[in-house]
Amino acid sequence: MKINRIATYRLIGFVSILSIFIQGCTKDYAEINTDKNAIATVGDAEIPFLFSGAIAAVPWGDQVAENLFSAQYAQYFACNATYFPSDRYTMVSDWVQNNFDPMYTRVAPQLQVILEQKDPGSAEAALANIWWVYAFHRVTDYWGPIPYFSIGQGGTTVPYDAQDKIYDDFFKRLQAATGILEGKRSETPFGQYDLIYNGDVNKWIKFANTIRLRLAVRISNIDPARAKTEAEAAYAGGVFTKSPDEDTYAPKNSLDVNRISQMSDWNEFRMSAAMESVLKGYDDPRKSEYFIPAKNTGTYEGLRNGLSESQLGDAMNKPDANSHVGPRWSSPAYGGIAGYLSTPANVMCAAEAWFLRAEGALLGWNMGGTAKELYENGIKNSMIQWGITDEAAIQNYINNTAVPVAPGDYLNSPAISNIPVKFNADVNVQKEQIATQKWLALFPDGMEAWADYRRGHYNKLYPVASSDNPDLTDPATQWIRRITFLESEKQSNGDEVEKAVNLLGGPDKITTALWWDIH
């Protein structure tokens, strides 16, 4: 069964990383890293390579892990290729498992070796635990219950665990890790083999606390007391505050190409109508960073998500009639840059922490400022992240009273919302404003944007134009809330998947809510 490959691959991950650093070549990375015949003895000298491998294995922006699923469900992009049904909510299990398999066969095994061989109180173990949480929150937020506490223990079957128990472990790992790192600020764990921060403990502390704050806000509707405790502890411990210094990207070397860049020239996804409505309505200066004007018109144009095969055949919905992803992810042939394939992958931005704190302030948490102050700082930092540094332009945007516009798309969609950027006096409008600006700031992180949308629907998205999924028959009143369990797991770990459905609390359908989703 797939999950039991973990036991097989426990000791071989570092071999591939060592090969990459020696040879400077990555094309055979996945094959090498899952070679069942590899034999290796892991000593202290090899531990840093394992950490590099655990970082590099996370599939940021991957077509079949993210772009065809969460990036479209967050409505950053819409699919313009007729042969991809996921935008119409068809679950293609052997595609989306690319957000499952690498975590269990490449991320977890390498981190577990580190955790077994390094002292539990070491900085190296602390970083491994932080990265563990980062990797697996992306998995559980897709499916809900997942194999978790039994990872690496072998056996003929592997049980799934409830999402609330997994989140509890996340918080415990992050708290323990930051506590350890507080006394290790002068150390440089993993050094250059830390592909995120090059061993900078101070940045790892802020990264861990910002993840903790993210997860606290995620559970704020289902467990408000725990959310408040975790959020306030995260803020007190120090979270991201400054762009671009604390904006986080990976990898910091030539281990891989940017996956969004890699597929951009395939011409299978374009700007969504939701992004068009908001970016054009606000005359948002980030739009030229996020997208390229449509070839046919020279203007920013987007597609509604979920268009049928016949609708996608219309001239208005063809690739040249709609906006390509932005220059940093596009080749020169499409208006991009020469080094587009080496654009670093977005991991986490400083602006997100400000928006998380703004929402926390609305909830009465001690977040170090008013919701308005924190919200406006979030906007400022997002602008700076994307290269907009003119203070007057940023302030004009913050005071902007314009609202989203009708995108003028094939379906004649209305404006997605009627809220301005300028902070409102009404708390319900404030929630939508914070969520909308966070949605814009998170781009192109579809996984986080989709998770954030599901927990409250505070920002507005369009109903999918059509659904091919028989479990979602009315897109106007239903929405996708999760990814269904993998067919490969049902075939090889079926009894445990059946138990996982009970942990889910509803049928294995895309309309069944996750634990933290009580909207």
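A salt bridge here is a side-chain nitrogen of Lys or Arg within 4 Å of a carboxyl oxygen of Asp or Glu. The structure on display is a predicted model, and by this rule the count comes to 35 salt bridges.

**First stop: K206 and E246.** Select these two residues, whose side chains meet in a salt bridge with an N to O distance of 2.6 Å. K206 belongs to helix α11 (residues 201-218), whereas E246 sits in the loop between α12 (224-237) and β2 (248-250), so the pair ties together parts that are 40 residues apart in sequence. K206 is partly exposed, at 25% relative accessible area; E246, at 10%, is buried.

**Second stop: R88 and D468.** Next, display the side chains of D468 and R88, which form a salt bridge at 2.8 Å, N to O. D468 lies in the loop between α21 (446-456) and α22 (487-492), and R88 in the loop between β1 (77-79) and α7 (93-96); the pair therefore ties together parts that are 380 residues apart in sequence. R88 is buried, with a relative accessible area of 4%, while D468 is partly exposed at 43%.

In the salt bridge between D471 and K509, the closest N and O atoms are 3.9 Å apart. D471 has a relative accessible area of 28% and is partly exposed; K509 is also partly exposed, at 32%.

Turn now to helix α4 (residues 47-56) and helix α9 (residues 123-143), whose axes come within 11 Å and cross at roughly 15 degrees. Because angles under 35 degrees count as roughly parallel, α4 is roughly parallel to α9. The crossing of α4 past α9 is left-handed. To view the contact, show F51, A54 and I55 on α4 with L127, A128 and W131 on α9. By class, this contact has 6 nonpolar residues, with no polar and no charged ones.

**Last stop: K287.** Finish at K287 in helix α15 (residues 287-290). Is K287 buried or exposed? K287 is buried, since its relative accessible area is 15% and the limit for buried is under 20%.

Technical notes
Residues numbered from 1 in each chain as written. Predicted model: local features only at pLDDT ≥ 70, side-chain atom pairs only at ≥ 80, totals over all residues. Heavy atoms only, no water. Helix = DSSP H or I, 4+ residues; strand = E, 2+ residues; numbered from the N terminus. Buried < 20%, exposed > 50% of the residue type's maximum accessible area, 1.4 Å probe, protein only. Axes fitted to C-alpha atoms, helices over the stretch in contact; angles between N-to-C directions. Parallel < 35°, antiparallel > 145°, perpendicular 65-115°, else oblique. Left-handed = near helix turned anticlockwise from the far one by under 90°. Contact = heavy atoms within 4.5 Å. Nonpolar A, V, L, I, M, F, W, Y, C, P; charged D, E, K, R; others polar.
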